[in-house]
Structures are given as C-alpha cells and as structure tokens.
Amino acid sequence: MSNESDAADTADAGEAAAGARGAAAAGAPTGPPGHEAAAAPAGFELGTDGPGVILAGLDGSDSSWRATAYAAGLARRQGAVLAVAYIQPILGAATALAGAAVEETTQEIAEELLAALREAEHRVREVWKVEWRFLTMRGDPYGGLAKLADELRADAVVVGVSEQAGHKVIGSVAVRLVKAGRWPVTVVP
C-alpha cells in the first residue's frame, strides 16, 4: 500500500468513527464500548449482498428434482436468478453406433424436463415467483456444470446426491464439484 492510500484509509476510518458516534448520539446501536461500527468499503466491490445466480443441476432423478426445488427456494428467498441445467451426456465408444438415437433421446429428456419445470412454475405462480432459466448443453455432467457455473458467475451450485452405485468408487459429480473448490456447493439427498 502507498502512503496516500494509508492516509485515505485513515481519513475514511475517522469519518466512519465520527458517523458511529453520531449514530450513538441518535440512539442507534454501535456495538461494545471501545469498538467502532464497521464501515462499508468504498469503491468497487466484487460480489453483492446475497447471491445473484444459483445453479441447479437437473437430470430427472428424484434427488436432482429435490435439489432443484431446494435451489428454487434459495433463489426466491434471496432474490436470485435460478439457472437450472441439464447436461446431455456425451456418447461413449460403446454407444457411438446408436449415436443419432441417443442424441435424440437426450434432447427429448431436455424437453420433458423443461415442460415439467414450466408445469411446476404454473402450479406455484400464485404463491411465489422466481426468475429462472433452463440451460442445456452436451458434455459430461461435471464439466458442463463447472463451465456453466463459471460462465454465469454462479454464487452457488446445488446438485442432488448421486443415485448410481458406481459413483461411490469413482466419485460423483457432487464430490468433484466440491473438490474443485470454486463455488459453494450444496448436495441435496
């Protein structure tokens, strides 16, 4: 830090302390004796008070629907945008021969999930509203969710616990997202 910024910080702290003393005179709480009220930082601040975007992974499983409902509740309470993502799986070598049929099936799944989301919104629209969008892309679920979380600058990622037995050995999408350590991740059972 330069001396100029130190001087500015000292001046700002003095103004904040004077403001806190004025608030105390007006009867506002100021904290324990000998401690001044905290002042908000001046200038640009990355982030806001509360999340702006909450990303939920949806694949049609029961746990992913619970995760989406949980994320919708968070988004509603926090005034955040809910981004619901379905990552269409990429074909493995064994299923490459059935490529067109599998790709068509994953697109149908995406359309069914979107229709179910719209139906759910319709059922509760009189009770509460949340701004939401449905996103789909092809890829592996971890890579797709990570890419979308970065692109959207998601403040939180919510996924359901894996319902596949093999994931206990090789690791689930949820575990990989947590280990990445790039966003707060909530795993819903």
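Is Glu 112 buried or exposed? In this predicted model, Glu 112 has a relative accessible area of 56%. Because the cut-off for an exposed residue is over 50%, Glu 112 counts as exposed. Its place is in helix α3, which covers residues 99-124. On the surface, Glu 112 belongs to a patch of negative charge, where it gathers with Glu 104, Glu 108 and Glu 111.

Attention may now turn to charges that are paired. A search of the whole structure finds two salt bridges. One of them joins Glu 151 to Lys 147, with the closest N and O atoms 3.9 Å apart. Both residues lie in helix α4 (residues 141-152), and the four residues that separate Glu 151 from Lys 147 amount to about one turn of the helix. With a relative accessible area of 54%, Glu 151 is exposed, whereas Lys 147, at 44%, counts as partly exposed.

The other salt bridge is formed by Arg 182 and Asp 150, whose closest N and O atoms are 2.5 Å apart. Asp 150 lies in helix α4, while Arg 182 lies in the loop between α6 (173-180) and β5 (185-188), so this pair ties together parts that are 32 residues apart in sequence. Arg 182 is partly exposed, with a relative accessible area of 45%. Asp 150 likewise counts as partly exposed, at 39% relative accessibility.

How values were computed
Residues are numbered from 1 along each chain as its sequence is written. This is a predicted model: local features need pLDDT of at least 70, side-chain atom pairs count only at pLDDT 80 or more; totals for chains, interfaces and linings use all residues. Side-chain values use heavy atoms; hydrogens and water are left out. Patches are made of residues with over 30% relative accessible area and no salt bridge: like charges are joined within 9 Å, nonpolar side chains (Val, Leu, Ile, Met, Phe, Trp, Tyr) within 5 Å. Accessible areas come from the Shrake-Rupley method with a 1.4 Å probe; for residues, only the protein chains shown count as cover. A salt bridge is a side-chain nitrogen of Lys or Arg within 4 Å of a carboxyl oxygen of Asp or Glu. Lys and Arg count as positive and Asp and Glu as negative; His and the chain ends are not counted. The place of a charge is taken as NZ of Lys, CZ of Arg, CG of Asp or CD of Glu. Helices (H or I, at least four residues) and strands (E, at least two) are DSSP runs, numbered from the N terminus. Buried means under 20% relative accessible area, exposed over 50%, partly exposed in between (1.4 Å probe, protein chains only).
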